[in-house]
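Welcome! Take a moment to look over the sequence and the 3D view, and then let's walk through some features together.

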Amino acid sequence: MSARLSGYRNLVLSRLGQGIVVIFLAYVLSFIVVSVLPGDAITNSLRDPQSGLSEEDIARIVAFYGLDKPVLIQLLLALGRFVSGDLGISLQSGLPVADLVFDALPSTAFLALTALILALVLAVAIVVGVHLLPPAAAGVLRSVPSFFLSVPNFVIGLILISIFGFTLHTFTITEPNSPVATFFAALTLAIPVSAPLAEVLVSSLDVETRQDYALVARSRGLSRVKVFARHLLKPSALPSVTMVALLIGELLGGAVITETIFGRNGVGTLVQRSVGAGDQPVLLAVVVLSAVIFVLVNLIADLSVPFLDPRTSVTKKKKDLVS
Amino acid sequence: MTSTLVKRRSFLTGTGTLAALAILTACGNKPDVESVGSSTPVRGGALTFLIQGFDAGWISSKTSISSYEGNLWGHLTDKLVYVNEKGDLSPWVAESWEENSDATEFVLHLQKDVTFSDGSPVDANAVVENINAWAVGDAERGIAKVGLFPSANFESAKATDTRTVKVNFSSPTLGFIATLGYHGCILLAPATLKSNTDEQADLAKTIGSGPFTLKSWQQGESYVLQRREDYSWGPKALGYSGPAYLDTLTYKVVRDASVRTSTVLSGQADVSFNVEPQEIDSLISQGFSVSTPRYLGFVDGFQVNTQTFPTNQASVRQALQHGIDRQEILSTIYTQDWQAATTFIQGTVPEAGDFADYFAFDQQKATDSLEKDGWKLESDGYRYKDGKLLEITLAANPYVPSDKAVDELIAQQLQRIGIKLNLKVVDVANYSAWQNSEPPLLHTSRSFVDVGTVAGILTNRNGGEDWFKLGDSDQKLNKLSDQIAQARNREERAKVADDLQKYVLDQAYFVPLVQLVQRLYLSSPKVRGIQYNGLAYANFYTAWVTQ
């Protein structure tokens, strides 16, 4: 096995190990945070002014769910269940947490993925425009990302719904999972996400344009379009790969609002419901899920960088010398 | 993560109104007025009802049923007794009942041939199992009793034949029959009651005898109910007992209020839950209807803590009672659909009296009370006594959306008499912690179906909730409370209820604001025949959609 390959394998293994540690810490930390917050789903609903239950009644039910035990004991019990693959029961709905999460996941994953693709398309469109349009138009286009960033997600959503849903009847809000409704929900999510992506692409493109190799290519008589497509795009894309990985978090956060406004059921609305009620098992499951996704995406991003740019070597210098 | 989410959420609701206005102007096209006019019910058709969310889950007996879940349960299940918006009780699954002279023994006679949707009969045995579940619950399985059920003196429920149930209490319980019309007391098939909590959480496995059955559902998103063709035991009080007119009734969760409103305005849905009071006039002028049914219970107002500074001082309580201008609240925040409180219980409760004089707005009286007690106005515009500032921290009730605006106005009103009101924002998740912190004033919104409930709440007697933190120190309140609890007939009890209301208001233990409207319904002119029960729940059983 070549040193480069075994170096790559070591990188994969160490990153996987780190990932598992990250997920474990995310679980423990969020368990503690959620336990410190006042109220839980059971106590909240029993204490609803409408319920009219006595303290004794409330205490008996709270004890049934083990919520009267010390936090450390609750954590150990939950960890035990978690390791054996049992995510527990939602305190709020009484349904298995795994069912709730895996019911909500496909819808959100589809929304986020569509949004990511739309965001990439938007960002690339902006970059191409900035690079190839006449300076005046390009200048205007350069300010588009900061405009996108400054408009809140829910305003974009409400404007899109108002125009395309209620005025033009392009889609109906009561069928949030139809392809058209999904497209507009994804667009709502994509617009703010495309902004940082476009900015990073534009600025790294600016840097690459001033590099010697670009000047040489231009001086050899290649057209702007050819230089852009053949020489500049690939190195400029490098920082955006890392950026995309970071944006996954942004997509999940934005999904809460987008799903709320478009009436979609997904991980975002599940989180919103669970935070409001203090439904600990569901919150923990979602935090772990987010950690897993984050770790995986970053892993993929880190591991693909060496292929995009051979200069970033994965093997250590010493090893190179030995081989 | 949590803090950003909470912030985002409150940001979202805060700006929702603005966005709603934008949308309202964007789609102000008038609905088709031609369809208005027909008053003969039409069979068939589908109705879509937009609701804020089904978050409390589907274990009916585990917790109190929120208005959202309660509305859906109301179509899948029946109750023994129907209670209308005036608090009148009438037969439903129980076609008649008798009680003995001291209201300790009740006999319920059940309608013939009522069945659950799994085919099992709604007979005396099934009713006994339900009553036991409401009265006692099953803590071993994590199932609480129904909060308002008179459990403390409940003895037994027995089937004497297939259609007769005898229920015994150890002491007079005038409120028992009324409780059977309460939204927590829904009849479920014995098979459902026996199942474990995780099975009860699955709506498809919870079987009722209502006019609709569950056709399909996506948790937290949409729920489609379909008519039960063999249904023939609807409450007589609704003027109809046969199968529902609608083919299907669809509940659709749309969390954002402005989107719900606009969806109905654009004709994509028929009825929506809760609009902002300020939007009502504009909606009506566009041809839509907004129903603001009141429910039986306590008015929107403050429980006063008599043990916490500064409401432990009678002068401060009196100043609050007379320093709040309720008329200004009505005219500033609400529309003409809202009514002034006449006492601390809703005007629809049969025993509610008109004691508005006891808490009439009188700024002079309020300031006199404070002056006499030594609360001196300082140069900063607030009152001090023994170097202590007269300030109260108040949190709006997150269960009543308009309370925040009401509190802001009250803060201005109290500032005029030198009381400083600090407003605190508390969401549903943190409200119980707020309640436990024993604040000087606590917003109340509590429904009940029988005035007897009042006895078990005001003091700590009979396992009561001790709303005013008096313990049993107030002999007069104890006596009145006991008399209500032990009353054997309704006339006697009504007289005591009068005395109790006067006393509580005179002592300023409770500061009423306005009669509470917690559930508002926006509906398209195509929808007819919606009825509202004593808990202000929309009933679509008798509704139909014009073509």
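This is a predicted model: local features need pLDDT of at least 70, side-chain atom pairs count only at pLDDT 80 or more; totals for chains, interfaces and linings use all residues.

Two strands count as paired if DSSP finds at least two bridges between them.

**A hairpin in chain B**
- Strand β8 (residues 212–218) and strand β9 (residues 222–227) of chain B run antiparallel and are joined by six bridges.
- Which residue in β9(B) is the bridge partner of Gln218(B)? The partner is Ser222(B).
- Together, β8(B) and β9(B) make a hairpin, with three residues between the two strands.
- In the turn you can find Gly220(B), which has a positive phi of about 75°.

**Aromatic pairs**
- A pair of aromatic rings is described by the distance of the centres and the angle of the planes.
- Searching the whole structure gives 42 aromatic pairs over all chains.
- One of these is formed by Tyr27(A) and Phe82(A): the ring centres are 4.5 Å apart and the planes are at 15°, so the pair is stacked, since planes under 30 degrees apart count as stacked.
- Tyr27(A) belongs to helix α1 (residues 3–36) of chain A and Phe82(A) to helix α4 (residues 71–83) of chain A, so this pair ties together parts that are 55 residues apart in sequence.
- Buried or partly exposed? Tyr27(A) counts as buried, at 6% relative accessibility, whereas Phe82(A) is partly exposed, with a relative accessible area of 24%.
- Over in chain B, the rings of Trp467(B) and Phe510(B) are also stacked, because their centres lie 6.3 Å apart and their planes are at 25°.
- Trp467(B) lies in the loop between α14 (455–458) and α15 (475–486) of chain B, while Phe510(B) is in strand β20 (residues 510–514) of chain B, so the pair ties together parts that are 43 residues apart in sequence.
- Both Trp467(B) and Phe510(B) are buried.

**An aromatic cluster**
- Some rings of chain B form one aromatic cluster, and its members include Phe49(B), Trp58(B), Trp217(B), Tyr223(B) and Phe540(B).

**Charges over rings**
- Lys388(B) has its charged end over the ring of Phe309(B), 4.1 Å from the ring's centre.
- Lys420(B) lies over the face of Tyr382(B), and here the distance to the ring centre is 6.0 Å.

**A region from the record**
- An unreviewed UniProt entry lists residues 470–497 of chain B as "coiled-coil region".
- In the model, residues 470–497 of chain B are 71% helix and 0% strand.
- The end C-alpha atoms of residues 470–497 of chain B are 19 Å apart.

Key. Residues are numbered from 1 along each chain as its sequence is written. Chains are lettered from A and ligands numbered from 1 in the order in which they are written. Side-chain values use heavy atoms; hydrogens and water are left out. Rings of Phe, Tyr and Trp (its six-membered ring) pair if their centres lie within 6.5 Å; planes under 30 degrees apart count as stacked, over 60 as edge-to-face and the rest as tilted. Helices (H or I, at least four residues) and strands (E, at least two) are DSSP runs, numbered from the N terminus. Buried means under 20% relative accessible area, exposed over 50%, partly exposed in between (1.4 Å probe, protein chains only). A charge sits over a ring if NZ of Lys or CZ of Arg is within 6 Å of the ring centre and within 35 degrees of the ring normal. UniProt positions are given in the numbering used here, feature names are shortened, and annotations may be inferred rather than shown by experiment.
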